[in-house]
Amino acid sequence: AKSFRIGGDLRLKGRDLSRYVRWPRYVRIQRQKKILLQRLKVPPSIHQFSRTLDKNQASELFKLLVKYQPETKAAKETRLEGVAKATAAKETTTSGPPPATLKYGLKHVTTLIEQKKAKLVVIPHDVDPIELVLWLPALCRKMNIPFVIVKGKSRLGTLTHKKTCSVVCLTAVNKEDESKLKTITDNARAQFNDVVERKWGGGIMGLKTQAKLTKRAQQLEAELAQKLEAKL
């Protein structure tokens, strides 16, 4: 039997039926959370994460960070295998200082900030729960270490060969990248370290509520105007 209901056998061309779709629970939660964050008043310490690095600067930053990705498990196994074979064959292996790589993990990065070893700290804007990184900007300011807030914990996860990552930092770079790092850190200081968020965020009502409030304000104005006319 044919079903002539919306989304059934007869589908109207050019009509968006996404309103009628029963979306999965995680999608509904994502959308509800987004709306809630718009509606509710958000304190400055949380609102600061909505101000992120712009697209061009972020692309320059990620170009630099990609160069310092930590080695993968497979690469590490291959390297250790080579060292073991060389040791077994009694060959001399020249193991220099370890290469400069990205440091990640909340505890590790916090220790590096406290020891003032971090040169640049990168925090994503969508860490959940946000309390994990809520205090990091304040710590960076206290220790005078440049930090930036970027979009997407999954982008940092890609850099560190994980699904997501809460924070990464650079402790050293190669000589050819020093000028690039200096430019990025100067921008970070100007945009994030020197600018402390004081304003509350959120409090944006829906279209229906906005229309209702506008109508109410107009009615009050009209009433006041009538009262003034009556007095005259």
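Start with the sheet: four strands, open, in the order E2-E5-E3-E4 with mixed pairing. Strands here are DSSP runs of at least two residues (E), helices runs of at least four (H or I), both numbered from the N terminus, and two strands pair if DSSP finds at least two bridges between them. At the edges sit E2 (102-104) and E4 (147-150), each pairing on one side only. From one strand to the next the twist averages 25 degrees; angles run from 0 to 180 degrees between N-to-C directions, with axes fitted as lines to C-alpha atoms, for helices over the stretch in contact.

Before you click further: this is a predicted model, where local features need pLDDT of at least 70 and side-chain atom pairs count only at pLDDT 80 or more, while totals for chains, interfaces and linings use all residues. Residues are numbered from 1 along each chain as its sequence is written, and side-chain values use heavy atoms, with hydrogens and water left out.

**Select E3, residues 120-124.** E3 is joined to E4 by 4 bridges, and the two run parallel. How many of the residues of E3 are buried? It is 5 of the 5, so E3 is largely enclosed by the rest of the structure; buried means under 20% relative accessible area, exposed over 50%, partly exposed in between, using a 1.4 Å probe and protein chains only. Leu120, Val122 and Pro124 are on one side, Val121 and Ile123 on the other.

H5 (residues 106-114) lies across E2, E3 and E5, at about 115 degrees to E2. H8 lies across E3, E4 and E5, at about 80 degrees to E4.

**Zoom in on Phe147 and Phe192.** The count of aromatic pairs comes to 1. The ring centres are 5.9 Å apart and the planes at 50 degrees, so the pair is tilted. For the rule, rings of Phe, Tyr and Trp (its six-membered ring) pair if their centres lie within 6.5 Å; planes under 30 degrees apart count as stacked, over 60 as edge-to-face and the rest as tilted. This pair links distant parts of the chain, with Phe147 in E4 and Phe192 in H8, 45 residues apart. Both Phe147 and Phe192 are buried.

**Stay on H8 for Asn187.** Asn187 lies in this helix and counts as partly exposed, at 30% relative accessibility.

**Next, Thr171.** You'll find Thr171 in the loop between E5 (168-170) and H8 (178-193). Thr171 is buried, at 17% relative accessible area. Leaving aside neighbours within four places in sequence, its contacts (heavy atoms within 4.5 Å) are Thr101, Lys103, Leu112, Lys117, Ala118 and Lys119.

**Last, the cysteines.** With a disulfide taken as a pair of cysteine sulfur atoms within 2.5 Å, the count is 0. Cys165 is buried at 7%, and its sulfur is 10.0 Å from the closest cysteine sulfur, in Cys169, too far for a bond. Cys169 is buried too, at 1%; for its sulfur the closest cysteine sulfur is in Cys140, 9.0 Å away, again too far.
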